[in-house]
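Student: I would like a close look at one loop and at the parts of the fold around it. Could you take me through it carefully and spell out the cut-offs as you use them?

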Amino acid sequence: DSDYRGYSELQTMQERLASVVWPSLTEPLVSREEMRERLNDDGKTAWQSLVEQPLGEVIESKVASDLVRGLVFTDAKIGVSTHPHDASLLQNRCFLYHVIGRGTGEWQVPVGGMGALVNELERVARSTGKVTFATDAKVRSIASNSQNASLAFEVDGQEREIDARFVLCNASALELARLTGDSMDPGSIDEGAGFKVNMLLERLPRLRSGNCSPKEAFAGTFHVDEGYQQMNESYRSSMSGEMPATPPGEIYCHTLTDDSILSPELNARGFHTLTLFGLDMPYRLFGEDNDKARQAAMERYLAGINQYLEDPIEDCLAKDTDGKPCIEAMSAVDLENKIHLPKGNIFHGDLTWPFAETEEEAGQWGVETDSPNVYLCGSSARRGGAVSGIPGHNAAWKVLEQNKSHA
């Protein structure tokens with residue numbers, strides 16, 4: 001009963017903070033003090049616990065169960081290497097972005113998947129008759145002055161160059177620095193610590209416990225080896241350069257929420273997608289032999305899943321036209337190689353607080369760079385990360401603001 005009350009109190013604290021922080025994310029940055037002053041007395045208590053002191057302190061004061069403590073703390077570790085009492089408060093920043101959605105902590109997904117969202121944006125843009133797309137283009141460089149920017153790129157084997165009033169960069173700040181010729185020390189980038197396994201299943205596996213159906217078990221977040229002490233141990237192992245023996249991770253079955261991401265034929269046959277997001281798998285573990293380390297990590301995660309299953313997950317995997325199982329694993333090194341995420345960090349680097357940390361930042365949109373007409377519109381922007389679309393929104397408002405001032 002006391003753990004239930006403590007867990008409920010934590011939820012209430014998150015909501016008090018979210019109700020003020022969430023609306024501010026699509027507005028210019030305010031100072032830390034102004035953000036705090038928007039809260040009532042109960043909200044300021046939540047602020048102290050979730051913003052000013054290590055997250056582990058409030059979790060341990062509210063909840064005694066190791067299992068429930070772990071359940072809460074997973075939101076503080078997604079994609080980053082940290083622990084409950086990390087003095088940098090990285091765990092607090094990561095936690096905050098994952099529990100403030102919509103002002104309530106509610107997570108939502110676009111019907112049809114992220115591809116449907118992109119396709120709709122493209123459709124609307126094309127319908128204006130004023131937009132030209134250059135896809136599969138390789139950007140070479142960006143040069144800018146106080147009035148314009150020039151973008152050099154290669155598309156369809158031809159070198160092209162265009163002038164623009166503004167350039168918005170959805171890639172990382174590290175990639176932008178490379179394109180503009182600015183200096184940025186790659187060594188200063190925080191390494192990513194996430195590991196992804198994508199699976200297509202012919203059927204959902206049965207659980208050994210028999211307490212619920214597979215559809216019930218996989219409908220929410222399925223936690224694997226994510227006890228509080230388990231994650232402390234896996235963090236220590238990974239930071240010492242050793243791959244955790246029982247790495248923590250969590251599984252999402254998106255097709256149980258939205259089956260439109262699969263074809264009608266696969267839906268009729270009972271197929272499902274299953275995604276595992278692994279924790280405490282930092283970039284450093286894969287630098288020497290990525291292929292070997294990736295295989296070892298995937299095997300450990302599958303073993304972690306199978307401890308709960310009557311049907312081994314391998315027996316449920318669909319086969320492709322060559323008879324190979326439909327499973328894909330990606331390490332932080334793979335994410336860097338394939339989509340240029342710096343050191344595989346899904347947030348492009350250190351997560352920022354959702355408020356201004358210097359006097360200069362107050363009133364800015366958090367997308368500004370050293371170039372007056374080049375803006376970040378992805379995770380490298382302040383308040384970036386967490387697949388929110390917030391940096392893109394804020395970059396668009398920055399452009400509108402600049403256009404208005406020059407009108």
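Tutor: S81 lies in the loop between α5 and α6, where helices (H or I, at least four residues) and strands (E, at least two) are DSSP runs, numbered from the N terminus. This is a predicted model, in which local features need pLDDT of at least 70 and side-chain atom pairs count only at pLDDT 80 or more, whereas totals for chains, interfaces and linings use all residues. Residues are numbered from 1 along each chain as its sequence is written, and side-chain values use heavy atoms, with hydrogens and water left out.

S81 counts as buried because its relative accessible area is 16%, and buried means under 20% (exposed is over 50%, partly exposed in between, with a 1.4 Å probe and protein chains only). Leaving aside residues up to four places away in sequence, S81 touches D86, L90, A193, Y235, M239 and P282, a contact being heavy atoms within 4.5 Å.

Turning to the strands, β8 (residues 272–278) is mostly covered, since seven of its seven residues are buried. H272, L274, L276 and G278 point one way from β8, while T273, T275 and F277 point the other way. Strand β5 (residues 195–201) pairs with β8 in the antiparallel sense over seven bridges, where pairing requires that DSSP finds at least two bridges between two strands, and K196 has F277 of β8 as its bridge partner. Strand β7 (residues 249–252) also pairs with β8 in the antiparallel sense, over four bridges, and there Y252 stands opposite T275.
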